[in-house]
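Dear colleague,

I am handing over the structure below, and after it I set out what was found. Please read the notes alongside the model.

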Amino acid sequence: MRVLLLGANGFLGRFVADRLLADPAVHLTALGRGDDADVRFDLAGGSPGALTRFLDAVHPGVVINCAGTTRGGARELTRHNTVAVATVCEALRRSGCGARMVQVGCASEYGPSQPGSSTAEDAVPRPGGPYGVSKLAATELVLGSGLDAVVLRVFSPVGPGTPAGSPLGRLAEAMRRAMQTGDGELKLGSLGVQRDFVDVRDVARAVHAASLSAAQGIVNIGTGRAVRLRDAAAVLARVAGYTGALHELDGPPARPSLSAMGSMASIGAQRGDSAPDHLSATPYPYPDGCGSWQQADVRTARDRLGWRPRINLEESLADIWMEAACRI
């Protein structure tokens, strides 16, 4: 099976590439903007005609799109998350390759949900920020294209390779600095947000399964269990061996918590701010625009892809910590 992978150098794309390369039945070609791509092409700036000619030459059976960006203003997000997908869809419509498309979407497309609920694929999307809007527009383009296509709405991916500027990445870095300097207290923002964390390697397995399946429409990829950032922070402290106190400046002094801390860190990273000595106590919303709670209904992934998550959050956090601990 010939597979064309878009965005192979991103957080998710790297693990999707590894998963596909491990399948001897797959012949993988990576297309992207970097020098290490098999073929260099800018999806946001390239023409559908040029991409069509490439598709006709390579004739892939599956096109997987992991490309996109989580940072920038509305204009940049639209270019890389929406216009780029429009280019791919148009090229596939023009091409004679008849390839199946697997689009990697995100849970930010849903927006806020009711605490305690599980979000199913038929939920009405109400994205709470420009990133979710740009990804939702891409999903609508794919589903309205007439192509053989499936969109995987990935909830909160974690694990090895987690960006250092992300909430959990910033927490691990703050903990590393605290241990290095002997600081017995980490001052964090409120950590009450709850998210459905799914390991990036499980996401790669889901993408692989989707490329082989006949599933169409939207499929949620998560664990089906929301975890409070405070609890994730406690687990990270335990696997790191950090014995100091994790103190929420704008909440009750509690055990390690990760909610606002992650959100503030991520927002700072998006603005380009340098990492603070501690995570701000100012009550910013969590940066994905999904409010205080998000949890996936994953029955469709089980029934239509035969997929279930395998890697628990403790293992994911241990891998995040190992990378942070090795950082100089």
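Not counting residues up to four places away in sequence, Ala-91 touches Pro-48, Leu-51, Thr-52 and Leu-55, where contact means heavy atoms within 4.5 Å. This is a predicted model, in which local features need pLDDT of at least 70 and side-chain atom pairs count only at pLDDT 80 or more, while totals for chains, interfaces and linings use all residues. Residues are numbered from 1 along each chain as its sequence is written, and side-chain values use heavy atoms, with hydrogens and water left out.

Ala-91 lies in helix 3 (residues 74-94), helices being DSSP runs of H or I of at least four residues, numbered from the N terminus. Ala-91 is buried, with a relative accessible area of 0% (buried means under 20% relative accessible area, with a 1.4 Å probe and protein chains only). From C-alpha to C-alpha, Ala-91 and Ser-47 are 8.5 Å apart in space, although 44 residues apart in sequence.

Gln-295, in the loop between helix 8 (259-271) and helix 9 (299-305), is likewise buried, with a relative accessible area of 11%. A polar atom of the Gln-295 side chain lies 2.9 Å from the backbone nitrogen of Ala-226. Leaving aside neighbours within four places in sequence, the residues in contact with Gln-295 include Ser-117, Phe-155, Asp-196 and Ala-226.

Finally, helix 7 (residues 229-240) and helix 10 (residues 313-325) pack at an angle of about 60°, with their axes 9 Å apart, the axes being lines fitted to C-alpha atoms over the stretch in contact, and angles running from 0 to 180 degrees between N-to-C directions.

Best regards

Notes. Helices (H or I, at least four residues) and strands (E, at least two) are DSSP runs, numbered from the N terminus. Buried means under 20% relative accessible area, exposed over 50%, partly exposed in between (1.4 Å probe, protein chains only). A polar contact is a pair of N or O atoms within 3.5 Å; within protein, one must be able to donate a hydrogen and the other to accept it, and residues adjacent in sequence count only if both atoms are side-chain atoms.
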